[in-house]
Amino acid sequence: MFRTFKDGQHYAKIWPRHAVVAAFTESTVIPAVHMATRWMPALAVINFMVQWQLQGQELLPQAIVTSLFLLSLPLQGWYWLGWRARSALTPQLRAWYTDLTRKLQLQPKPEPCYLDLAKMVKRALDELPPDQH
């Protein structure tokens, strides 16, 4: 499980921020996970304090559970990204991956995953002229 979190963080770091990949789910999930990582701990504390102040001791378990849920949101995002990074490509994406490896004169992997595609797209954006992406 920890490996999946680590893969998700790595995947988020190498995913290109470019119009070529803007339609992918990762292009919206990664910024959301970064924002959640930054703000959810503070929101969880505020949530707990407000519920505790307004409702007192009698609803303390609910305040704890909702705060823990808020704290878990970034972890859920990292986990999804890690799972997605190791998922096999669809046939259309595999064809795009193979085309990019051919243009970059590299050997394609026999079973590429989304992480491999992210690396290849990032490299293609850096090395190829814009009309060959």
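## Q105, out in the loop

At 72% relative accessibility, Q105 counts as exposed (over 50% relative accessible area; under 20% is buried and anything in between partly exposed, with a 1.4 Å probe and protein chains only). Q105 sits in the loop between α4 and α5, and its phi is positive, about 60 degrees, although Q105 is not a glycine. Helices here are DSSP runs of H or I with at least four residues, numbered from the N terminus.

A quick word on the source: this is a predicted model, where local features need pLDDT of at least 70 and side-chain atom pairs count only at pLDDT 80 or more, while totals for chains, interfaces and linings use all residues. Residues are numbered from 1 along each chain as its sequence is written, and side-chain values use heavy atoms, leaving out hydrogens and water.

## Where α1 crosses α3

Helix α1 (residues 2–14) packs against helix α3 (residues 60–85) at an angle of about 80 degrees, with their axes 7 Å apart. The axes are lines fitted to C-alpha atoms over the stretch in contact, and angles run from 0 to 180 degrees between N-to-C directions. The two helices are therefore roughly perpendicular (65 to 115 degrees).

On the α1 side, the residues involved include F5 and Y11, and they meet α3 residues including W78 and W83; contact means heavy atoms within 4.5 Å.

Take L117: not counting residues up to four places away in sequence, L117 touches F24, L89, L93, W96 and Y97.

N47 lies in helix α2 and is buried, with a relative accessible area of 19%. The N47 side chain makes a polar contact of 2.7 Å with that of Q51; such a contact is a pair of N or O atoms within 3.5 Å, one able to donate a hydrogen and the other to accept it. Beyond its neighbours within four places in sequence, N47 is in contact with A63, T66, S67 and L70.

P74 belongs to helix α3 and is buried too, at 9% relative accessibility. Setting aside neighbours within four places in sequence, P74 is in contact with V33, A36, T37 and M40.

Definitions and conventions: Parallel < 35°, antiparallel > 145°, perpendicular 65-115°, else oblique.
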